[in-house]
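Subject: Structure handover

Hello,

Here is the structure for you to look over. My notes on the domain interface follow below.

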Amino acid sequence: MSQTEMKKLFESKFGADSRPYLEVRAPGRVNLIGEHTDYNDGFVFPMALTRHTTILAKARTDATVRLASAIEPQIAEFKIDAVVKKEPPKWSAYPRGVAEALRTRGLISVGVDALAATDVPLGGGLSSSASFEVASALILLVANHKQMDKVELASACQWAEHHYAGVPCGIMDQFISAMAEEGHAMLLDCRDLTRRQIPLDNAQIQFLIVNSNVKHELVQGEYTGRRNQCQRAVETIARHFPLVKALRDVTIPMLDESRMQMDPVVFRRARHVITENKRTLEYAAALEAKDWGRAGQLMYASHVSLRDDYGVSCPELDALVEIAATVDGIYGARMTGGGFGGSIVAMGNHQSMKALQAAIDLQYPEKSGRQATSFVTTAGAGAQVLQASQI
Ligand code: ADP
Ligand code: MG
C-alpha cells in the first residue's frame, strides 16, 4: 500500500487533521541458514526483507491508543495505563503487549491514533508478527519523544509475543527486525546473543522466497519431539564429555564416540544440529569471501540435512528445492523456518530470479497439485523512524 493510500485510509478511519504524520517501519525476515540450531545454543543467520510493517500515526494528548490495520475491519482501542491481556480483536494482542512492555519501563504515557499496513505475508514464516511488534514499539516511542536501546526494544517485543500472543519464540526475529543493516545479514550466536553483520552484495545476489502454500498438521508436537531428542543426545554425550551443555558444544568425532549408546534417530537429529552449526559459520565466511557458489552448496546441504537427518521437510519443499537446482544462476536453495510446509529461500544472481519464478510456475503445480507464491528480496534495512516530528 502506497503512502498516499495509507493517508487516505487513515483519514477515513480517524478524520482529517493538518499535522504531519509520524511514520515508522520494521521489516519481516528470512533465515538464510542455521535451522533448528537456536534452541541448541547454536548459530542462526537471518536477513531483513525489503518488506515491512509500516505505521502512520498522530500522537494524542491522552493515554488512549486507537490502532487500525489495513487488513482488519475493526479498530483496536486500549489505554496505555490499563492494558488488558486478553481483549478483542485478537490481532491487537501484539501492540497491547508491546505497549505494556514499554509502560512498565516508564517510557510511554501518551497514546496514538495509528494505522498499520504490511506487505510481509502473514503467517508465512517471515515474521510479520515481529515486524508488527517492532513497528508498534517504535511508533509509541516516537509519539512519546523517547528512544530505546535496540537490544532492549527487541526483548520488549519478544516479551509481548510470549505473554500476549502466547508464542514462546526465540529472540532472532525481533533482533533482526530491529537491528538489521541494509546490505547485510546477521550472524547471531544464540548462546550469548553476540552478533556480526556480514556484508551481502545486493548488486550481485538476490533471494527468491517461495511459499509452498502447504502447512502440515502436528507441527507443534513434532517440534517438541525434536527438542526432546536434542536433549537426550546431550545427556548421552555428556557422559563422555562432562563439559557439554548443549549440542553447540559437540563435534562430529564426539558424537561418533557416543553412537553405540544412542538411538539411531537421536543420533541423526544431533548430527543435523552439529553439521548445521558448522555450515552456518562456513556460510558467513563464504559470503564474506563473495564465494556465492560455496555459499549455495551449503544451502543445499542444509536442506538435505533437514530432510534426511532432522526429518522436518516435506515433499512440497523438496520439490521446490529440486526445481531451484535446475535453474541457471541459482547458487543454492533450502527450506527455511521450522518445516513441514512454509517457504524455501533460493539465492541467485539477478537474471536467475525470473527464470526460477517461471520454472516454479510451470513445474510446481504438476509436482504438488498446488500453486506457489514468491517474491524477490535483497538484504533490507532494520526498523526505521521515517517521520519523527509533528511540528
Ligand atoms: P508470521 O510471524 O510467520 O507472519 P504469526 O502467526 O507469528 O506468523 O503472526 C501473524 C499474526 O500477526 C497475524 O495473524 C496477525 O494477528 C498479526 N499481524 C501481523 N501483521 C499485522 C497487521 N499489519 N495487522 C494486523 N495484524 C497483524
Ligand atoms: Mg511470527
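Which residue forms a salt bridge with Asp201? Lys290 does, with the closest N and O atoms 2.7 Å apart. A salt bridge here is a side-chain nitrogen of Lys or Arg within 4 Å of a carboxyl oxygen of Asp or Glu.

Some ground rules. This is a predicted model, where local features need pLDDT of at least 70, side-chain atom pairs count only at pLDDT 80 or more, and totals for chains, interfaces and linings use all residues. Residues are numbered from 1 along each chain as its sequence is written, chains are lettered from A and ligands numbered from 1 in the order written, and side-chain values use heavy atoms, without hydrogens and water.

Now the domains. The assignment (automatic or from a database) gives domain 1 as 3–201 + 380–387 and domain 2 as 205–377. Domain 1 brings 30 residues to the contact and domain 2 brings 42. Contact means heavy atoms within 4.5 Å. The C-alpha centres of the two domains are 27 Å apart.

The interface buries about 3000 Å², and carbon and sulfur atoms give 62% of that. Buried area is the accessible area (1.4 Å probe) that two parts lose on being put together, summed over both. The rule finds 5 salt bridges across the interface of domain 1 and domain 2.

On the domain 1 side, β1 (22–31), β2 (43–44), β3 (46–59), β7 (184–189) and β8 (195–199) each give two or more residues. Strands are DSSP runs (E, at least two residues), numbered from the N terminus. The largest share, 4 residues, comes from β3.

Best wishes
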